[in-house]
Amino acid sequence: MSETVREASYGDGCTIDDEATVGYGAFEEPTRIGDGATIRAGSIVYGNVTIGDGFATGHDVLVREGTTIGDDVLVGTKTVIDGQTEIGSHVSLQTNVYVPTQTTIGNNVFVGPGAVLTNDEYPVRVDDGLEGPTIEDGASIGANATLLPGVTIGENAFVAAGAVVTDDVPAGTLAVGTPATVQPLPDPLDGANQLA
């Protein structure tokens, strides 16, 4: 069995539960966490992860290597971030969200519970490489929505709960249905997310 090296640096005012693991694995770069983090029991943050200030997890979160996370990010219970991923600031990933490798999430983004992002167009059949979705600033993804590989959710767009997004969603529009169709954004949904 190989030895596990846990290297991490923390800012001021961090709370790391005893049952959480930070800096898991042997990587050239240690994990760096900013001020005021709260990492709850059962969570595992791999090495070679950089996280800003005000980070908080629920229980049993997994953050894999090569991930960069901005300030004031909430990662809900049992959410998985599979590494090689960029997440901006003021982001809320709710319970049971799956974020695959090669995903980009902008600032002020909300991803509802049970949302699944994917990065492999033809799993185990054709090796065309991995390309996760891009979620631009201010977008909202509803509960149990599914985003297919390589799609872009435009700035301030809204993906309805349960939608299956197979094509890009333009900025400031609503995607609804299976497969999702794009509609004008209703007036009550117009405007910025209130996450900051």
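Predicted model: local features only at pLDDT ≥ 70, side-chain atom pairs only at ≥ 80, totals over all residues.
# Notebook: a first look at the chain

I started with the surface. The chain exposes about 9500 Å², and carbon and sulfur atoms supply 47% of that area.

**Overall build.** I looked up the secondary structure next. The chain has 26 strands and zero helices. I then checked the extent: the C-alpha trace spans about 50 × 40 × 20 Å along its principal axes. How does the radius of gyration sit against that of a compact globule? A compact globule with 196 residues would come out near 16 Å, and the chain has 17 Å, so the two agree.

I also looked at burial over the whole chain. Of its 196 residues, 41% count as buried. For contacts, I took pairs of residues at least 6 apart in sequence. Of these contacts, 17% join residues at least 24 apart.

**The hairpin of strands 25 and 26.** I went on to residues 173-176, which make up strand 25, and residues 181-184, which make up strand 26. The two run antiparallel, and four bridges join them. Together they form a hairpin with four residues between the strands. Which residue in the turn has a positive phi? I found Gly-177, at about 100 degrees. I also noted who faces whom: Val-176 stands opposite Thr-181 in strand 26.

**Ser-89.** I picked out this serine in a loop, the one between strand 13 (86-87) and strand 14 (91-93). Buried or exposed? Ser-89 has 17% relative accessibility, and the cut-off for buried is under 20%, so Ser-89 counts as buried. Its side chain reaches the backbone nitrogen of Asp-71 at 2.8 Å. I listed its contacts too, leaving aside neighbours within four places in sequence. Ser-89 touches Gly-70, Asp-71 and Val-73, and also Gly-106, Asn-107 and Asn-108.

**Ser-140.** I ended with a serine that sits in a strand: Ser-140 belongs to strand 20, residues 140-141. Its relative accessible area is 6%, so I put Ser-140 down as buried. What does Ser-140 contact, leaving aside its neighbours within four places in sequence? I wrote down Phe-110, then Ala-157, Phe-158 and Val-159, and finally Asn-193.

Key:
Residues numbered from 1 in each chain as written. Heavy atoms only, no water. Buried < 20%, exposed > 50% of the residue type's maximum accessible area, 1.4 Å probe, protein only. Polar contact = N/O pair within 3.5 Å; in protein donor to acceptor, adjacent residues only side chain to side chain. Contact = heavy atoms within 4.5 Å. Pairing = 2+ DSSP bridges. Rg over C-alpha atoms; globule rule 2.2 N^0.38 Å. Areas by Shrake-Rupley, 256 points an atom, 1.4 Å probe, with all protein chains shown as cover.
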